[in-house]
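Biologist: Could you walk me through this one? I would like to start with the strands and then go to the chain contact.

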Amino acid sequence: MQSYLSIEKIGMSFERAGARSEVLREVTLHIERGEFVSVIGHSGCGKSTLLNIVAGLLTSTTGEVFLDGEVVDSPGPERAVVFQNHSLLPWLTAYENIRLGVDKVFRRTKTAAERHEWTEHNLDLVQMTQAANKRPAEISGGMKQRVGIARALAMEPKVLLLDEPFGALDALTRAHLQDSVMDIHAKLGNTVLMITHDVDEAILLSDRIVMMNSGPAATIGEVLEVPLPRPRRRLDLAAHPDYIRCRAAVMEFLYARHRRGSGLHAA
Amino acid sequence: MSMPARNLLAPEPAATVANDLAIVLTLPPRRPPQFERLRAVLSMIAGRILPPVIMLAFVFIVWELLCSQPGATLPPPSKVLANSWELIVDPFYDRGGLDKGLFWHLLASLQRVALGFALAAVAGIGLGVLIGQSTWALRALDPIFQVLRTVPPLAWLPLSLAAFRDSNPSAIFVIFITAIWPIVINTSVGVRNIPEDYKNVARVMRLSGIEYFVKITLPATVPYIFTGLKIGIGLSWLAIVAAEMLIGGVGIGFFIWDAWNSSLIADIIVALIYVGLVGVLLDRAVAAVGTLISRGTSAN
C-alpha cells in the first residue's frame, strides 16, 4: 500500500577519502495528502539529508521515494523547498524571485497576466505585498523567509519541503512565521514535510512528529501523533494537557534517550 | 572636603543669576544657513583638495629646482610649459599627417583599445564561463592559458605583424591578448564560486541550461567579471602605448616615440601626463559601469 508521499527504506552513505560513512539506514515514512509532518532530531542526525533526498537534490544509496505514485529521481517544482538560509537570488526583487518560478512552472498553462496575478497573490499570502519591489538585501531575515515560502508555494508543489525554515530567525519573528505557515496550511491544505530541531515548533505545527535517532546510520526512532485540535493557538496550547504530554515525550526522546553522541544503545 | 562643602553651600539664586548673565554675554549671533554651507564646503576643500594640491606643488617645486641646474638632462616644468604651450592649450589642432593635437593621437589609441578590449571581453567571458562550468575544459585549457598569459604583450607583436601583415590589426590583437587573461580567470573563478544554494534553487525550478546561464550564472558572476575587466582595461592601456611605439602611425605611443626622435622632451612629458589621466578615466569608467550593473548582486 502506498501513501501520497512514500519514503521506502531509504539508506544513504557518503564516501569521503576512501572512508564510508552511513548517514541514514532503512528510513521508511508514509505521509498522506494534506498532512503536516515534522522530522526532529539532533543536528547532524541526517534529517536534512533525508529532506534533500525527498527533494531530489541528493540521490539515496538504497531505497526509493514515491510522490503521488511516481518515483522521485530529480529535483522539481512539485517538491518545492524552503531553504534554511532563504536562498533568494540577491539580484532579483521579491516579486521577481517568485515570478522566476511561476514563469517556469506555468509557462504553458497560464497567460502572462495570470502569472502576474498569481505572483501577487502569493506575495499577499505571506503578507509581503508592500515589499514586492525590494531586493533581498533591503528586507529583514523574517521577510526574506516569507518571500522564500511564497516562492515555494507559488510553484503549487504537491509537497512543500521546509528545511529548518525558521532556524536563523529571532524568537518573535519565528513565532510570526509559524503562525503564517499554520494559516496557509489551514487555507490551502498542503502536504508539508518540515525539518526542525525546535520541539515547540514541531508540536505547534505538525500532525505527526518523526523523531530520529542520532547518527551515524540514523533511523526513525519514534513517531508521535499530535492530537491537538486545529486551529491551534499558541497561547491556548501552553497549558493544554496533550501539548504538555507531547512535549514531555519529545524531550524525553531527544534528551534522555538519544543524547547526541550517545549512539543507538543509550537507552 | 572644602569643594563639596562650597557646592552645597552655594546659594541657588546666585547660580541662576550667573547662568543668565553668561547666556546673555556669550550668545553668539545666529549664523545664516548659507554660512554653515560655506563652512562645510571650506572644510571639505581643506580636508580633501588641499593635501594633493600641496603635494603636487611640492613635487613641481622640487622638479623645477632639480632641473634648473646647469647640466640637467630633463626640462623643468617652466620650460615644459614654454616649449609645449601649443600642445597643452590646443589638443584639437590637425595639420595633416602625424602633426595633430594630442586629442587625435589619444583618440586613435582609444579606438584600438576599444576594439581589442571589446573582443577580449566577449571571448574572455565566454572562455571563463566555459572553464568555470566544465572541469574537463578547465583541465584541457588551463595549462595552455597558464603559459600564454605570462608572455609579455609586446612579444606578441612580431608574430601578429607576420600573421596580419598590417600594423593596425596587429596592435588590436596585442590589446586583445593582453586583456583577455584576467577576464578569463576572474570569470571562471566567479562561475566556480556560484553558491550551492542558487544551484539548488535552479534545480528545483528545473531551469534549462540557457535559463540557468542568463538568470543565475551571469548575474552571480558580474562582480567577478568586472574585476577582470578592470584589470584588463588597465593592461590594455599599458600595452597600447608600447605597441604603438613600434607600429607607428597616429597614436599616443608613436607620438611619444616621435617626440623622442625629435628631441622634444617637453612634449613627451605632456603626453605622459595625458596618458596617465586617460588611464585613470578608463579605469573609473569600467568600475562605474560595473557598480551600475552589479547593483544588488552581493549576497545577504
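Modeller: Happy to! Helices (H or I, at least four residues) and strands (E, at least two) are DSSP runs, numbered from the N terminus, and two strands pair if DSSP finds at least two bridges between them. This is a predicted model, where local features need pLDDT of at least 70 and side-chain atom pairs count only at pLDDT 80 or more, while totals for chains, interfaces and linings use all residues. Residues are numbered from 1 along each chain as its sequence is written, chains are lettered from A in the order in which they are written, and side-chain values use heavy atoms, without hydrogens and water.

Biologist: Which residue in β4(A) stands opposite A:Leu5?

Modeller: Strand β1 (residues 5-16) of chain A runs antiparallel to β4 (residues 62-67) of chain A, and five bridges join them. The residue in β4(A) that stands opposite A:Leu5 is A:Leu67.

Biologist: And in β2(A), what is the bridge partner of A:Ile7?

Modeller: β1(A) and β2(A) form a hairpin with two residues between them. Nine bridges join these antiparallel strands. Within that pairing, the partner of A:Ile7 is A:Leu29.

Biologist: How many salt bridges does the rule find across the interface of chain A and chain B?

Modeller: The rule asks for a side-chain nitrogen of Lys or Arg within 4 Å of a carboxyl oxygen of Asp or Glu. The side chains of A:Arg107 and B:Glu211 meet this way, at 2.9 Å, N to O. Across the interface of chain A and chain B, the number of salt bridges is three.
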